[in-house]
Amino acid sequence: MSKHSDQHISRVIGKYTSNKEGPLLFVTAGIHGNEPSGVEALEEVFKQLEKTKPEIKGTLVGVSGNQKALNKNKRYIDEDLNRVWTKQNIEQEISETHEQKEMWEIIKTLEEFPEENFTKRYFLDCHTTSSPSLPYISVQVVNDNDEWAHKFPTYIIRGFSDIITGDIDHYLSRIGITGFVFEAGQHEDETSVENHEGVIWLALKEACELDLSKIETYPECVNRFAKKNAPEQKTFELIHRHGLEDSDIFEMEPGYENFQKISKGELLAKQNGNEVRSKWDARIFMPLYQSQGNDAFFVIEEVEGK
Ligand SMILES: [Zn+2]
């Protein structure tokens, strides 16, 4: 996909069905406009589906998130599209900012695929991160989201999604759709597209009973994610958030990567001239290396036996 300003990504990237009873798989990509990798992955999946026309149960729909921001390759226009899905905005039908308007367009698109037409509805929300990272699922532990997430061979984070408000996965979970957020890696990393593609194929297999061997690019289309890029499945829980005030001067010690192991007493950062040392034998999550943000880092711990 070109990064030129004249590109046009449509709301519905693609739709595929064999007109058999089954679930809806609703895949959103580019909720953040600077994260086009999910869109590229969806385009490839639809291309391959149209080529071989395999039978699936139910329907796959791929939907672009922040359409205008995607077309401008910007994160957002007025505000973060992943913070506007609040109960208040929905109940009061607020449609003022650019992102609120896009939110309503996405809701209208979803309403074309109502619950009564499907055996079940699933969502998959595709993202990437500013820093390099192993791919991971971020799951809100409501409905049967967690059980569904554990069908996928990658890291799974519980509890992170729960501390955010107004994200699309909260909204979709609230209306009874099962799913999770998938963070595929760094924005510009080629492996992010591979990972998005892999997770979409696996979701098609798990939800819509697609026989993956019917796809010409199988097994690479899945294995580039599941075997080459993704770590073995592990489940983590968020145990701590190190927050910052706007006035804090914070500097993370260099070299921390997402999911890196940390030990008690280890120097993690300096804050207003003071040392910040780990109180945990655990792992660091989303260490802050940008100048902006109120989340310095998170601490996550592996959950044994899920
Ligand atoms: Zn994102």
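Helices, of at least four residues, and strands, of at least two, are DSSP runs numbered from the N terminus. The loop between α7 and α8, where P219 lies, is named in this way. The structure is a predicted model.

**Exercise 1. The loop between α7 and α8**

Task: State where P219 lies and describe the peptide bond from Y218 to P219.

Solution. 
Step 1. P219 is found in the loop that runs between α7 and α8.
Step 2. The bond leading from Y218 into P219 has an omega near 10° and is cis.
Step 3. For background, most peptide bonds are trans.

**Exercise 2. The pair α7 and α8**

Task: Find how the axes of α7 and α8 are placed, and class their angle.

Solution. 
Step 1. Helix α7 covers residues 190-208 and helix α8 covers residues 220-229. Their axes come within 7 Å and cross at roughly 110°.
Step 2. Angles of 65 to 115 degrees count as roughly perpendicular. Therefore α7 is roughly perpendicular to α8.
Step 3. The crossing of α7 past α8 is left-handed.
Step 4. On the α7 side the contact is made by T191, E194, N195, E197, G198, V199, W201 and L202. On the α8 side, C221, V222, R224, F225, A226 and N229 take part.
Step 5. Sorted by class, this contact of α7 with α8 has 7 nonpolar, 4 polar and 3 charged residues.

**Exercise 3. The pair α1 and α7**

Task: Repeat the analysis for the packing of α1 and α7.

Solution. 
Step 1. The axes of α1 and α7 are 8 Å apart, and the packing angle is about 50°.
Step 2. Angles under 35 degrees count as roughly parallel, over 145 as roughly antiparallel, 65 to 115 as roughly perpendicular and the rest as oblique. Therefore α1 is oblique to α7.
Step 3. α1 passes α7 in a crossing that is right-handed.
Step 4. From α1, the contact uses S37, G38, E40, A41, L42, E44 and V45. From α7, it uses S192, V193, H196, E197, I200 and W201.
Step 5. By class, the contact of α1 with α7 holds 6 nonpolar, 4 polar and 3 charged residues.

**Exercise 4. Buried or exposed?**

Task: Decide whether L49, G30, K53, N143 and E304 are buried, partly exposed or exposed.

Solution. 
Step 1. The rule is needed before the counts: a residue is buried if 20 or more other C-beta atoms lie within 10 Å of its own, exposed if 12 or fewer, and partly exposed in between.
Step 2. L49 lies in helix α1, residues 37-52. L49 has 22 C-beta neighbours inside 10 Å, so L49 counts as buried. Leaving out residues up to four places away in sequence, L49 touches Y16 and P54.
Step 3. G30 sits in the loop between β2 (24-29) and α1. There are 27 other C-beta atoms within 10 Å of G30, so G30 is buried. With residues up to four places away in sequence left out, the contacts of G30 are E35, P36, G38, V39, S64, G65, N66 and L70.
Step 4. K53 belongs to the loop between α1 and β3 (59-64). K53 has 10 C-beta neighbours inside 10 Å and therefore counts as exposed.
Step 5. N143 is in the loop between β5 (136-139) and α5 (145-149). Because N143 has 15 other C-beta atoms within 10 Å, N143 is partly exposed.
Step 6. E304 is placed in the segment after β14 (295-302). With 7 C-beta neighbours inside 10 Å, E304 counts as exposed.

**Exercise 5. Sequence and space**

Solution.

Methods: Residues numbered from 1 in each chain as written. Predicted model: local features only at pLDDT ≥ 70, side-chain atom pairs only at ≥ 80, totals over all residues. Axes fitted to C-alpha atoms, helices over the stretch in contact; angles between N-to-C directions. Left-handed = near helix turned anticlockwise from the far one by under 90°. Contact = placed C-beta atoms within 7 Å. Nonpolar A, V, L, I, M, F, W, Y, C, P; charged D, E, K, R; others polar.
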